[in-house]
Amino acid sequence: MDAQNHWEKIYTEKGPIAVSWYRPHLETSLELIERVAVNRSSSIIDVGGGESTLVDDLLARGYEDITVLDISSTAIEANRKRLGDAAERVHWLVADITESDLPPSRYEVWHDRAVFHFLTAPGDRVAYVRQVARAVKNGGYVIVSTFGPEGPTKCSGLEVVRYDAESLHQEFGVHFRLLGSSKELHQTPFGTTQQFLYCYCRVE
Ligand SMILES: C[S@@+](CC[C@H](N)C(=O)[O-])C[C@H]1O[C@@H](n2cnc3c(N)ncnc32)[C@H](O)[C@@H]1O
């Protein structure tokens with residue numbers, strides 16, 4: 001099964017709070033986005049946003065230029081439905097991030113929670129980093145969260161690559177200045193925990 005069919009199947013079969021990565025709010029993501037996106041007009045893209053409430057929380061904080069991209073049209077539709085009229089204030093993209101055609105220098109903040117770690121083929125990781133380098137403005141910020149060194153080896157039936165701050169930063173290279181990293185123990189809706197790593201960088 002290809003990646004798109006896999007994720008369509010997940011979101012068709014499972015409700016938004018029945019997936020291991022669910023949290024009512026992505027607190028760490030929000031805190032980091034607010035730290036780097038000082039202006040409410042900052043353009044923010046949430047890559048592989050799934051059905052998370054990050055977009056709701058960003059709208060509630062007054063952010064005016066939000067894009068949510070996901071490979072699953074089911075997930076994007078669920079977000080639109082949940083948000084109702086407010087969905088009109090968001091740019092929605094159904095695309096595979098390794099192949100999509102994002103406009104150059106369009107975003108000030110790139111956010112990804114639990115997407116990059118699914119790219120087990122080196123060529124896909126190179127394609128992803130190329131997208132970031134193209135689509136994020138110089139001086140913009142990249143926030144990426146993956147499973148940490150003690151995190152699970154699989155998620156949603158797919159193999160993942162686990163990272164520490166150094167190995168994740170190495171994937172991105174010298175044009176991304178690492179500003180900070182932290183680890184988080186995520187409580188899944190099933191009562192288990194998963195170690196996540198958060199890194200944030202400035203594009204130089
Ligand atoms: C584990 S979920 C995380 C969802 C959300 N970021 C969160 O933290 O709740 C991974 C998400 O990435 C999306 N995804 C997986 N591979 C992708 C790709 N190549 N391009 C775009 N989205 C992708 C999936 O559809 C899914 O919504």
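Which residues is His117 in contact with, leaving aside its neighbours within four places in sequence? In this predicted model, His117 is in contact with Thr146, Phe147, Glu159, Val160, Val161 and Tyr163. His117 itself is found in the loop between strand 4 (107-113) and helix 5 (122-135). Its relative accessible area is 0%, so His117 is buried.

The loop between strand 4 and helix 5 also holds Phe116. Phe116 counts as buried because its relative accessibility is 0%.

Phe116 belongs to the largest nonpolar core, which has 26 residues. The members that touch the most other members are Trp110, Phe116, Tyr128, Val142 and Phe172. Two or more residues of this core come from each of strand 1, strand 4, helix 5, strand 5, helix 6 and strand 9. Another core, of 25 residues, lies apart from it, and Leu30, Leu32, Tyr63 and Tyr200 are among its members. In soluble globular proteins, nonpolar side chains tend to be buried together.

Aromatic rings are a further way to follow the structure. A search of the whole structure finds 11 aromatic pairs. One of these pairs is formed by Phe116 and Tyr128, whose ring centres are 4.9 Å apart and whose planes stand at 65°, so the pair is edge-to-face. Tyr128 lies in helix 5 and Phe116 in the loop between strand 4 and helix 5, so the pair ties together parts that are 12 residues apart in sequence. Tyr128 is buried, at a relative accessible area of 0%. In the pair of Phe147 and Phe196, the ring centres are 5.1 Å apart and the planes are at 75°, so this pair too is edge-to-face. Here distant parts of the chain are linked, since Phe147 is in strand 5 and Phe196 in strand 9, 49 residues apart. Phe147 counts as buried at 1% relative accessibility, and Phe196 is buried with a relative accessible area of 1%. Ring pairs also link Trp110, Phe116, Tyr128, Tyr163, Phe172 and Phe176 into a cluster.

Next come the empty spaces. Rolling a probe the size of a water molecule over the atoms shows where empty space is left. The count comes to 1 cavity of 30 Å³ or more. The volume of the largest cavity is about 50 Å³, and its lining consists of Val142, Val144, Leu168, His169, Phe172, Leu178, Cys199 and Cys201. Strand 5 (136-147), helix 6 (165-172) and strand 9 (193-203) each give two or more residues to this lining. Helix 6 gives the most, with 3 residues. By class, the lining has 7 nonpolar residues, 1 polar residue and no charged residues.

The largest pocket has a volume of about 680 Å³. Its lining has 38 residues, and those nearest its centre are Trp7, Ile71, Ala114, Val115 and Phe118. Helix 1 supplies the largest share of the lining, 4 residues. The lining divides into 20 nonpolar, 9 polar and 9 charged residues.

The last stop is Ile17, in the loop between helix 1 (3-13) and helix 2 (27-36). Ile17 has 54% relative accessibility and therefore counts as exposed. Not counting residues up to four places away in sequence, Ile17 touches Tyr22 and Pro189. The C-alpha atoms of Ile17 and Pro189 are separated by 7.2 Å, although the two residues are 172 residues apart along the chain.

Methods:
Residues numbered from 1 in each chain as written. Predicted model: local features only at pLDDT ≥ 70, side-chain atom pairs only at ≥ 80, totals over all residues. Heavy atoms only, no water. Buried < 20%, exposed > 50% of the residue type's maximum accessible area, 1.4 Å probe, protein only. Contact = heavy atoms within 4.5 Å. 1 Å grid on protein atoms, 1.4 Å probe; cavity = no way out; pocket = protein on both sides within 12 Å on 5 of 7 lines; lining within 4 Å. Points joined across faces, edges and corners; volume = space filled by probe spheres on them. Nonpolar A, V, L, I, M, F, W, Y, C, P; charged D, E, K, R; others polar. Core = buried A, V, L, I, M, F, W, Y, C linked by side-chain atoms within 4.5 Å. Phe/Tyr/Trp six-rings, centres within 6.5 Å; stacked < 30°, edge-to-face > 60°.
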